[in-house]
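Keep the viewer open as you read.

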Amino acid sequence: MGSTQPKSVFEFEDQSLVGGEKHSLDEAPLRDLYSGGANDCCPHVMKNSVVDSIRIVVFSAKINLLMPFGPLAIVVDKLTGHHGWVFLLSLLGIIPLAERLGQLACYTGPTVGGLLNATFGNATELIISIYALKRGMIRVVQQSLLGSILSNMLLVLGCAFFAGGLVHSHREQVFNKATSGVNSGLLLMAVMGLLFPAVLHSTRTELHYGKSELSLSRFTSCIMLVAYASYLFFQLRSQHNLYIPVDQSENHTEENSDDEEAPEISKWESIIWLSILTLVISVLSEYLVNAIEGASVAMSIPVAFISVILLPIVGNAAEHAGAVMFAMKDKLDITLGVAIGSSTQISMFGIPFCVVVGWFMGCPMDLDFQLFETATLFLTVLVVAFMLQEGTSNYFKGLMLILCYIIVAASFFVHRDPKAIQDKPQNPKQ
């Protein structure tokens with residue numbers, strides 16, 4: 001056999017979309033990215049009984065011990081109506097469901113596994129956002145999506161750099177600068193899309209006050225969706241060689257042996273479980289969103305802090321663990337794909353998608369995230385871009401990113417949002 005070279009994430013998706021059935025040993029590192037294990041994305045299938053399928057999905061991971069908190073949140077809401085406990089229990093109950101959602105997407109096979117993983121990886125944030133839009137809680141939607149970006153770029157990437165730097169303290173870890181450069185450019189474009197509506201509103205220079213800002217936001221959102229679609233085409237079809245990992249000589253013998261193992265559940269089992277988990281997350285998300293107002297008052301925590309810091313922890317829990325694990329294995333290209341790639345998807349797809357959905361729902365969701373939030377995002381993108389420009393990482397860079405996130409969290413804890421729900425007349429249940 002000839003020598004094998006590791007494929008990047010985007011090369012794998014490209015081959016899948018073309019429809020080829022090539023399942024070479026080179027796909028091992030890619031399977032790691034999508035599922036957290038080298039053998040999780042194997043194209044072979046294995047049929048299981050209903051009991052075996054439940055055992056594999058529900059009882060195979062320690063994080064699933066948090067699942068009972070979901071039904072408990074519903075019971076507490078029906079019996080006591082205490083929004084503080086309902087919010088906390090719903091938050092804990094969604095975490096394992098979000099993790100399972102990302103894992104199971106890969107089992108659908110190599111053709112659609114990558115795309116489904118990318119979609120379901122951020123499904124939790126989008127589901128929560130849609131329920132919040134239905135209730136008219138626009139600020140919760142804006143701040144939770146912003147918080148997801150900040151969490152991925154500072155906390156997730158920072159912990160990954162820190163852990164990987166400690167494990168490989170004798171040298172600097174390297175990654176592909178081209179990949180990070182493209183994502184940094186897209187993130188800056190997202191900042192520009194959010195900045196203009198905020199400045200337009202703050203300077204009161206709208207041509208038609210109250211209308212121009214919303215029209216600009218909807219137009220910009222459509223442009224951002226086109227840009228994201230172009231980005232997908234660019235990385236999957238036109239310039240996929242740009243994303244080849246830096247370390248071409250890494251030996252994947254151990255992972256190659258794992259490739260021969262079949263996944264534990266079949267494609268159709270995965271699709272059924274994805275549907276079930278999405279439905280359960282939707283139910284818990286409704287309880288979570290309904291409890292935000294009361295939880296803010298009951299726990300004396302600003303809604304801005306809940307939306308920007310606490311809610312993103314739910315959607316990013318699995319990504320956090322995966323990014324750290326791959327950094328410790330010296331696979332920083334995969335780590336960046338998890339952390340920065342998710343931030344890019346939220347900023348260029350998630351946010352404009354919610355604006356368009358709000359448009360159809362008759363909800364005036366716009367891109368005016370207010371100057372405080374927009375400035376926070378702008379500075380975060382700049383800091384991360386500077387950290388990535390050398391194409392190397394170490395534990396000190398990771399520590400700096402973590403400390404930056406702590407500063408951001410403290411800032412939102414003392415921030416009084418003039419448009420927050422708690423500033424409006426209300427009578428929440430306690």
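H8 and helix H16 (residues 395–413) pack at an angle of about 150°, and their axes lie 7 Å apart. Axes here are lines fitted to C-alpha atoms, for helices over the stretch in contact, and angles run from 0 to 180 degrees between N-to-C directions. That angle makes H8 roughly antiparallel to H16; the labels go by angle, with under 35 degrees roughly parallel, over 145 roughly antiparallel, 65 to 115 roughly perpendicular and the rest oblique. The helices themselves are DSSP runs (H or I, at least four residues), numbered from the N terminus. The crossing of H8 and H16 is left-handed, a term used if the near helix is turned anticlockwise from the far one by less than a right angle. In the contact of H8 with H16 there are 18 nonpolar residues, four polar and one charged. For these classes, Ala, Val, Leu, Ile, Met, Phe, Trp, Tyr, Cys and Pro count as nonpolar, Asp, Glu, Lys and Arg as charged, and the others, Gly among them, as polar.

A word on the source: this is a predicted model, where local features need pLDDT of at least 70 and side-chain atom pairs count only at pLDDT 80 or more, while totals for chains, interfaces and linings use all residues. Residues are numbered from 1 along each chain as its sequence is written, and side-chain values use heavy atoms, with hydrogens and water left out.

H8 also packs against helix H15 (residues 370–388), at about 20° with axes 11 Å apart, so H8 and H15 are roughly parallel. Their crossing is left-handed. On the H8 side, the residues in contact (heavy atoms within 4.5 Å) include Arg139, Leu150 and Phe161, and they meet H15 residues including Gln370, Val381 and Leu388. By class, that contact has 11 nonpolar, four polar and two charged residues.

Now over to helix H4 (residues 69–79) and helix H12 (residues 267–298), which pack at about 45° with axes 10 Å apart. That makes H4 oblique to H12. Gly70, Ile74, Asp77 and Lys78 of H4 make the contact with Val283, Leu284 and Tyr287 of H12.

Ten residues line the largest cavity, with Glu125, Ile128, Ser144, Leu311 and Pro312 nearest its centre; lining means having an atom within 4 Å of a point. H8 turns up here too: helix H7 (123–134), helix H8 (138–167) and helix H13 (303–328) each supply at least two lining residues.

Notes
On a 1 Å grid over the protein atoms alone, a cavity is a set of points where a 1.4 Å probe fits but cannot get out, and a pocket is an open set with protein on both sides within 12 Å along at least five of seven lines; lining residues have an atom within 4 Å of a point.
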